[in-house]
Amino acid sequence: MLLSWKQMVLLSFIGCLGGELLFHGPVFVSEPRDSMAPVGAADQRVTFNCEARGNPAPHYRWQLNGSDIDLGVESHYSLDGGDLVVVNPLRDRDAGSYQCFATNALGTIVSREAKLQFAYLENFKTRMRSAVSVREGQGVVLLCGPPPHAGELSYAWIFNEYPSFVEEDGRRFISQETGHLYVAKVEPSDVGNYTCVVTSAVTAARVLGSPTPLMLRADGVMGEYEPKIEVQFPETLPAARGSTARLECFALGNPVPRITWRRSDGRPLPGRATLRKSGGVLEIPGFEQEDAGSYECLAENSRGRNVARGRLTYYAKPHWVQLIRDVEAVVGDSLRWDCRAGGKPKPSYRWLRNGEALVLEERIQLENGALSIVNLSVADAGMFQCVAENKHGLAYSSAELRVLASAPDFSAAPMKKLVRAQVGSTVGLDCRPRAAPRALCSWRRGEVTVREDGRISFLKDGGLSIANVTKADAGTYTCFAENQFGAASGSTHLVVTDPTRITLAPSNMDVSVGESVVLPCQVRHDPLLDVAFTWYFNGALAGFQKDSSHLEQAGGSSSGDLMIRNIQLKHAGKYVCVVQSAVDSVSSAADLVVRGSPGPPANVQVEEITDTTAQVSWTEGTDNHSPITAYAVQARTPFSLGWQAARTVPEVIDGKTHTATVVELNPWVEYEFRVVASNKLGGGEPSLPSEKVRTEEAAPEVPPSEVSGGGGSRSELVITWEPVPEELQNGEGFGYVVAFRPLGVSTWIQTVVTSPEAPRYVFRNESIVPFAPYEVKVGVYNNKGEGPFSPVATVFSAEEEPTVAPAHVWAHSLSSSEIQVSWSAVPWKLSSGHLLGYEVRYWTSGEEGSPRRVKVVAGETAARLHGLRSHLVYHAAVRAYNSAGAGPFSATVNATTRKTPPSQPPGNVVWNATDARVFLSWERVRAMENESEVTGYKVFYRTSGQGGLRVLSTNQTSAELRLPVQEGYVVHVRATTAGGDGASSTPVRIPRRTSSDARGSPSAIANTYPVSRCLPAVLFMAHALW
């Protein structure tokens, strides 16, 4: 239910006291839309959406065709929130216009209308259709005649049987307005049965008519005739704003007519217009008023032309140009609410209040859609709606009118407790209580009423203004506010202070890059006030944090000096010191000129280029307040290491010259140029690079270097060289001319190598004598001509591979894993080349296909084979080799590796020391059957300080060592066999002996230390050492 005017007044007071609108009327979030339901569908539900926000939360009711829907009686209706659900709707009962009403304590709003319509499609009448007989070349129209229906339809035709559908082209056309099939010119292939297929766009139901037979007459072929337009649009066709306008046009004729479109007034077709179905359909999406007008369809063939005309008219439902907005007004005020909508025809307006037609009276008037209400009262508050309508539709705009009535209240806008002003200024004291209607205000200073005079004036909003303030004006000012609903007051204390003045201001300065300066800013201010210093640089706050390495603000309460260290060019500009207090602000500015090395030159261009020169020009960059004295040109190529200084003419470029010729360039190389300016402060930043340019081609001037050769296979002469770098090739088509001749012969043999990257040439001929000297030289050429040859070098032809196998080859076993193979050197003549060495190939039975190899250099006549398996027969053969290849293998020799040495180490190693002599003994090592017999033992010993290792051999199980008493020693023992040394005993550590030990010991047993008594840590160290 709606509130009474007394309750509305109370709400107004609550709203004023709360400082914000706690309550508001309903506002639609979603509104219902038109719906189309299929007739007879089972378990069908139609939902009309309606949702509004408001405080209190709105409740909802609905109307059908202007009458309330009683949800208690009408059981097939239900509410889901604000949505209306229609269960199993019936056409006779539920079709019509629906509206939603949303209501809360502040008012009611009405939604737009939403229509519920029903779609259906009945079957064709089951009667046979007569055959249609036409002559070949004649046009024909096959009628569809859709059955009774409601809702949008689409049409198609079946040819003979499903699913063979008629394909539309320039000769055949199906109208989506009538459903008829049009054939401009019948051909023999068209003979058959045609069935019209009608589909409902809403229900997707499909029905088929009876087949229509199409037959050819036997009385000949139809001759050519001019077009006859059979499908044409109405003389007047209305189109809605934003819709897609669709015009159909199709003609019969022989030959098949061509369809084109135009506007009757000569204007072009709209840019959005599209043609479909071979020009038979013109569509204009997003239709606007400028698209309206007369359109013509032209059908043409070789026999003539025909024209159909019609007019597209524009209409538009109302659409808002100016919506109404919520209004908060005061009792007694006047209100004018403007409401404007567009549309064609022009809309008319009516207003609703709380869902009902607004009753006009003397103080409530309506003019051109605008609502005027004078002398507002609280009873006028509520929800208002402006309705714009024409014959095509309606539009609703909603807003809330709140009428306030309240006593003055300072809680929402309290007066300032303290106001500061400086002597001589003008100060304003605010007094803006919230009140409805506006309160009348008066002022007191202490107990004295304030009156207007030449310096003191009352403001329209209730405030007080005092000009040319003096210290005598200081004190407490109280504002008294009153209206018919009550009164309230508020106070402000005014403090008057002396003005702030700058005593030492920053001055203009001229400095060079790298210097440091201080810009002073010192003030005198009222002792009651605190001041803050702020520096601005070129209009923006100085970046003390961002540029802390350069900028620093220094000073006390009355000073805010700016220190700039290591000044850079970026620090040049205008600096402003702003001093701010609670009542005033003063500032002072200074310009800082920074002189530095020049900025980069601009517009570097290459104006003329030859094979070795380039004319470069540029424009002057910023001189950074120091005149430019010189320029330097730098060049870069794909082959250079960065930018390099370029030779120029003139050699020294003064600061007033902006062009130079770069010389000594390489032909056919891509160059970039840049320019660096300098002044008395140094060189500046380089310019941006010029565009890449390529020097012109020229004959090559540099021959290849490092011409040499030799090696290769029999009957070959190998010639090698270092290829000429690309930057020295001077042009396209670069290659090499290789010339050679036997030493002592005057005639050169020449050949051409076309690849610029080629590093060698091989000449093959059976007549080449092995290891014969040749004179060789290599020249260069390109498309521009030939260049110079390299100096003549002497190169030997390929050597002849050895022909004799090494003799006296012998192999004998060294240990269980080594065999030594030796041989006699092969006879060799220097004239045959250089012998490089020997290759030993060795294998065991079963490894013949993958033997292992060892190579030794020439002069060596033995090779040791390592990593062999024990007690195994190995076969070996030797051959010599040189750069031409390898010679024949020697006869195969055999040797058997020894058995492996014993895996058992000497055990129970003990020692006894007397003076400098140390006696050692150990247990005998007994070899297993598959191990080599023990032939003796080796005693290894060294000082504890990691000195050199010494060895003592013996065939006993004991040994005597003479060791100085001043050193400690580490000793271990190995068994020796033909298969090598056996496993090592555990290292024994003999400590350093004292002098008394050296003179002897009463008991030899006391100085005997079995290995088993050594600490585990010592054993671990011993293993690590050995």
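Predicted model: local features only at pLDDT ≥ 70, side-chain atom pairs only at ≥ 80, totals over all residues.
## Disulfide links

The whole structure holds six disulfides. Counted along the chain, the bonded cysteines pair in the pattern 1-2, 3-4, 5-6, 7-8, 9-10, 11-12. Three of these links are described here.

Cysteine 249 and cysteine 297 are joined with their sulfur atoms 1.8 Å apart, and the angle of -75° about the S-S bond makes this link left-handed. Cysteine 249 sits in the loop between β23 (245-248) and β24 (250-254), while cysteine 297 belongs to strand β28 (residues 293-301), so the bond ties together parts that are 48 residues apart in sequence. Cysteine 249 is buried, at 0% relative accessible area, and cysteine 297 is likewise buried, at 0%.

In the link of cysteine 431 and cysteine 479, the sulfur atoms are 1.9 Å apart; the link is left-handed, with -70° about the S-S bond. The pair connects distant parts of the chain, from the loop between β41 (427-429) and β42 (434-436), which holds cysteine 431, to strand β47 (residues 475-483), which holds cysteine 479. Cysteine 431 is buried, with a relative accessible area of 1%. Cysteine 441 has its closest cysteine sulfur in cysteine 431, but the distance of 3.9 Å is too far for a bond. Cysteine 441 is partly exposed, at 28% relative accessibility.

Cysteine 521 and cysteine 577 form a disulfide with sulfur atoms 2.0 Å apart, left-handed at -80° about the S-S bond. Cysteine 521 lies in the loop between β51 (517-519) and β52 (522-524), and cysteine 577 lies in strand β57 (residues 573-580), 56 residues apart. Both cysteine 521 and cysteine 577 are buried.

Strand β43 (residues 440-445) gives the most, with four residues. By class, this lining has 10 nonpolar, three polar and five charged residues.

## Threonine 637

Threonine 637 occupies the loop between β61 (630-636) and β62 (644-645). It is buried, because its relative accessible area is 16%, below the cut-off of 20%. Beyond residues up to four places away in sequence, threonine 637 touches Val669, Glu670 and Tyr671.

Terms used:
Residues numbered from 1 in each chain as written. Heavy atoms only, no water. Helix = DSSP H or I, 4+ residues; strand = E, 2+ residues; numbered from the N terminus. Buried < 20%, exposed > 50% of the residue type's maximum accessible area, 1.4 Å probe, protein only. Contact = heavy atoms within 4.5 Å. Nonpolar A, V, L, I, M, F, W, Y, C, P; charged D, E, K, R; others polar. Disulfide = S-S within 2.5 Å.
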